[in-house]
Amino acid sequence: MKMVVVMMIMMVMAMVSEANMIEQTCKETPDFNLCVSLLDSDPRGSSADTSGLALILVDKIKGLATKTLKEINSLYKKRPELKQALDECSRRYNTILKADVPEAIEAISKGVPKFGEDGVIDAGVEAAVCEGEFKGKSPLTSLTKSMQKVSNVARAIVRMLL
Amino acid sequence: MASSDALLPISAREEDPLLSDGSRSDPNAETHGRRRPVKGLLAVTFGLFFIAFYVALIATHDGSRSNDVKFESDGTATTASRARLAGVSEKGNDQLWKLSGDRNTVAFSWNNSMLSWQRTAFHFQPEQNWMNDPNGPLFYKGWYHFFYQYNPNAAVWGDIVWGHAVSKDLIHWVHLPLAMVADQWYDANGVWTGSATFLEDGSIVMLYTGSTDKSVQVQNLAYPEDLNDPLLLKWVKFSGNPVLVPPPGILPKDFRDPTTAWKTSAGKWRITIGSKINRTGISLVYDTTDFKTYEKLDTLLHKVPNTGMWECVDFYPVSKTLVKGLDTSVNGPDVKHIVKASMDDTRIDHYAIGTYFDSNGTWIPDDPTIDVGISTSLRYDYGKFYASKTFYDQNKGRRILWGWIGESDSESADVQKGWSSLQGIPRTVVLDTKTGKNLVQWPVDEVKSLRLSSKKFNMEVGPGSLVKIDVGSAAQLDIEAEFEIKKESLDKILGDASVAAEAEEFSCQKSGGSTVRGALGPFGFSVLAHESLSEQTPVYFYVAKGKDSKLKTFFCTDSSRSSFANDVVKPVYGSSVPVLEGEKLTMRILVDHSIVEAFGQGGRACITSRVYPTKAIYGAAKLFLFNNAIDATITASFNVWQMNSAFIHPYSEEAVRALSRT
């Protein structure tokens, strides 16, 4: 009986302390709420160390880039007048997927986080440039802004590994 | 924390009269509770559990239940820093968030013409892809060897192996096959940075960091397969690798970049390897007789709190009296020792001058207030320059410095142009025998062999003037200049109490760049400048009046208007530079397409910048001389040389065979 009580209390405390790791980490980023929602929504978040949390965010960058590329592709038909800007965005987001993300994953896993920082910063840069291509009338604003924000949070966590 | 606090008040509810049947006036309330002990305890425990669980859930989820990320509607990107971020100097990359111009500016795109112009004519770079740290530089049997961190697969960091090239003169290079690849378990995840040591019999050992198949950082030994091959094409890895693994107390990913070894007075070889313990940067010391087994010293070479991980540590002697290089093992009363480290946190190479104690392998700085890694401590270079490494050139008795110069553009551009990173022009390094407090660096003499036609100029430039310097093509230049502020101007300004003393507050980085006019500066050259000056890169002196009527001189490079592109980093770089009594102000500038290397006061302050003009390219790149001072007239005496290409030779089997016969 007492064992059951003790176990239940331990379970609660474990849950609370894992939640603490994510919270403590996210407090040191520029966007606490975003950081927590990204990490909590991932099943790996609850048992990850800082390196693991950084890799989860790189994964979110990857997912967001993939989603944005799909949107870019669908816009070619709907908004053919935007072709030039869409081409540039396509190039930029392909860089995120093919260069930034693999670089960040390799660097973070191997313990040379500064190259991971380069990769995640660049993801934000590419998104900002893509957004700028539309001269204020972007159909991708919410996606590019998301990428910049996720990039900021990811960067903050990667810096903790330095 | 709301959730853990919640456990405490809840436990008090065991005594909460509301949990019993509520008859407060009942004198038997206590006996009521005691009548159902086990059930009550169980109910209370479950209640405890569920409440704590619920509170924990709320505290962490903060109302967000879906798996999709939600974003604020205002959509602004924030670069607000906290904690550690706040303590670190803002990286140039942060400027990228504020795209130049408003939202309605012309959208920008790189085209192949702009990108192919960026490739340099006489700086070391591989034929394509990514490069980073210089590795194992050495001179052997008539050839200078250069190895480097290389990615054979992409224009970003990754899959790292050792590239290799040779040269007779440190300028004209021939690319060779890769020297080492990731073919062993102990370097499967990366053949990382290392250094060469010459043994007494003239043979060579190479120590390098491997990232093992489990991503542990270890040190490995390699040596040339055939010492009769002057090209040192093939390298053999010691069968007993790794020779060093992270020692107790050192994390498996904080152990890399072994140095060249030096002889101790006890006759052993000694090396040092950078690391960290929490936030203290340290350098570990090991002794060996055969480079296969090592003895770790209990003492550290040095440590400095709050500097973070020390990468690419370098340790070497400099003469106090002679302007020449010293072999790494030299020691004695006429010698000081330099400890240098690359700071992982800030991407800055810092060094300090100090004294080495061979008996216990320790070193102390001459001036602990500017100890290695402290933000105000000395730097080889005030611009883009990292992971640098020196070697002793026994051919000409020099100590030579290599430095990795990364890109300051977007990775998209690197992928599009197919390459990333350069090495700086190799520099000689000596102690400044005049000040005794800093090193002096200068491009190796051999770079002069690239000088073609030259033009000499001598002119007086009044305040607020701009002079176009007609030299023809202006993307490959070597400029040597001497400046003097006219005595009348100086006397007038020093004597004028209304001219404020600004030396204390001025800094290249924070004082607004070259358009901000002071009494005695800025003045210098504007390189890679468009006729219209819409794009330009000023390299200049800014002389500031100090409180005690003394002058303080600053040397800066302002890349803030170097390009219309909105995806490149455009900082103002620089530092104050010592100017001794009677000295004129001198600067040297090497311009080579997307790299500008500036040397102030004979190399007391050096600034490397990467610039990516979109208009000031090919024939449209011009050179200007300017004087933005409000009051001072300056005289400028200078030489401008056109620079030839170094024609760095791509790898080919015939070339290698031909070279082997020379």
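1. Strand S28 of chain B is mostly covered, with 9 of its 9 residues buried; buried denotes under 20% relative accessible area, exposed over 50% and partly exposed in between, with a 1.4 Å probe and protein chains only. Thr537(B), Val539(B), Phe541(B), Val543(B) and Lys545(B) point one way from S28(B), Pro538(B), Tyr540(B), Tyr542(B) and Ala544(B) point the other way, and all are buried. In a regular strand the side chains alternate between the two faces of the sheet.

2. On the basis of the analysis: this is a predicted model, in which local features need pLDDT of at least 70 and side-chain atom pairs count only at pLDDT 80 or more, while totals for chains, interfaces and linings use all residues. Residues are numbered from 1 along each chain as its sequence is written, chains are lettered from A and ligands numbered from 1 in the order in which they are written, and side-chain values use heavy atoms, leaving out hydrogens and water. Helices (H or I, at least four residues) and strands (E, at least two) are DSSP runs, numbered from the N terminus.

3. Which strands pair with S28(B)? S27(B) does so in the antiparallel sense over 6 bridges, and S29(B) runs antiparallel to S28(B), joined by 7 bridges; pairing requires that DSSP find at least two bridges between two strands. Ser526(B) stands opposite Pro538(B), and Ala544(B) has Lys552(B) in S29(B) as its bridge partner. The hairpin of S28(B) and S29(B) has 5 residues between the strands, and Ser549(B) there takes a positive phi near 65°.

4. Helix H7 (residues 487-495) of chain B has Ser489(B), Leu490(B) and Ile493(B) buried. They lie on the same side of H7(B) because they cover an arc of only 95° around the axis, the arc being that of the directions from the helix axis to the C-beta atoms. The face turned away from this buried side carries the exposed residues Lys487(B), Glu488(B), Lys492(B) and Gly495(B). The cover over the buried residues includes S26 (476-485), S27 (520-529), S28 (537-545) and S29 (551-558) of chain B.

5. Lys417(B) belongs to helix H6 (residues 411-417) of chain B. Is this residue buried or exposed? Lys417(B) is buried, with a relative accessible area of 14%. Its side chain makes a polar contact with that of Asp409(B) at 3.1 Å; such a contact is a pair of N or O atoms within 3.5 Å, where within protein one must be able to donate a hydrogen and the other to accept it, and residues adjacent in sequence count only if both atoms are side-chain atoms. Leaving aside residues up to four places away in sequence, Lys417(B) touches Leu115(B), Gln118(B), Glu407(B), Asp409(B) and Tyr612(B), contact meaning heavy atoms within 4.5 Å.

6. An open antiparallel sheet of 4 strands has the order S5-S6-S7-S8 (chain B). S5 (191-198) and S8 (235-237) of chain B stand at the edges with a single partner strand each, so one side of each lacks a neighbour in the sheet. S5(B) and S6 (residues 204-211) of chain B pair in the antiparallel sense over 6 bridges, with Ser195(B) opposite Leu207(B).

7. For residues 123-443 of chain B, UniProt lists "domain: Glycosyl hydrolase family 32 N-terminal" in an unreviewed entry; its positions are given in the numbering used here, feature names are shortened, and annotations may be inferred rather than shown by experiment. The span is 2% helix and 47% strand, and its end C-alpha atoms lie 12 Å apart.
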